[in-house]
Amino acid sequence: MNRNINPSDFTILIVDDNATNTLLLDAILKREKYKTIIAYNGKEAIAKMQELHPDLVLLDIMMPEMDGYQTAELKAQIDSIKDIPFLFVTALSDTNNMVKGFKAGCSDFISK
């Protein structure tokens, strides 16, 4: 059995309102041969998840209109996307935010 992972078989949705952050993550992931999608807010992220069903979502917490927690809560209510795993990508690293993130369903945190 071949257990090699081919990154080009996976699509990652990057969600961040900061264009610099999205461009940096996009460049890093594309260099590793992953397919990427970009959304600049939670509402756009939900729409792209429903349309494109990415394999993983990298989700910023601090965004205007709908923050990462609200996006995660809405995602959990939509059957077609509720099982898509996500990681919070954030500058928030205190225990309270981490607990809140895990309760919202995130798999882990990546610090900015």
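The exercises below go through the strand order, the helix packing and the aromatic contacts of a predicted model.

Residues are numbered from 1 along each chain as its sequence is written. Because the model is predicted, local features need pLDDT of at least 70 and side-chain atom pairs count only at pLDDT 80 or more, while totals for chains, interfaces and linings use all residues; side-chain values use heavy atoms, with hydrogens and water left out.

**Exercise 1. Determine the strand order of the open sheet and name its edge strands.**

Step 1. Assign the elements: helices (H or I, at least four residues) and strands (E, at least two) are DSSP runs, numbered from the N terminus.

Step 2. Find the pairs; two strands pair if DSSP finds at least two bridges between them. Strand β1 (residues 11–15) runs parallel to β2 and is joined to β2 by 5 bridges, with Ile37 in β2 as the bridge partner of Leu13. β3 and β4 are paired in the parallel sense over 4 bridges; here Leu59 has Phe88 in β4 as its bridge partner. Another 4 bridges pair β4 with β5, also in the parallel sense, and Phe88 stands opposite Phe109 in β5.

Step 3. Write the order: the 5 strands of the open sheet run β2-β1-β3-β4-β5, with parallel pairing. β2 (35–39) and β5 (108–111) each pair on one side only, and are the edge strands. On average, neighbouring strands of this sheet are turned by 25° against each other, direction ignored. Axes are lines fitted to C-alpha atoms, for helices over the stretch in contact, and angles run from 0 to 180 degrees between N-to-C directions.

**Exercise 2. Find the aromatic pairs and state where their rings lie.**

Step 1. Apply the criterion: rings of Phe, Tyr and Trp (its six-membered ring) pair if their centres lie within 6.5 Å; planes under 30 degrees apart count as stacked, over 60 as edge-to-face and the rest as tilted. The whole structure holds 2 such pairs.

Step 2. Tyr69 and Phe88 are edge-to-face, at 5.3 Å centre to centre with 70° between the planes. This pair links distant parts of the chain, since Tyr69 is in helix α3 and Phe88 in strand β4, 19 residues apart.

Step 3. Phe86 and Phe88 are also edge-to-face, at 5.3 Å centre to centre and 80° between the planes.

Step 4. Check burial: Phe86 has a relative accessible area of 3% and is buried, and Phe88 is buried at 0%. Tyr69 is buried as well. In β4, 5 of its 5 residues are buried: Phe86, Phe88 and Thr90 point one way, Leu87 and Val89 the other way.

Terms used:
Buried < 20%, exposed > 50% of the residue type's maximum accessible area, 1.4 Å probe, protein only.
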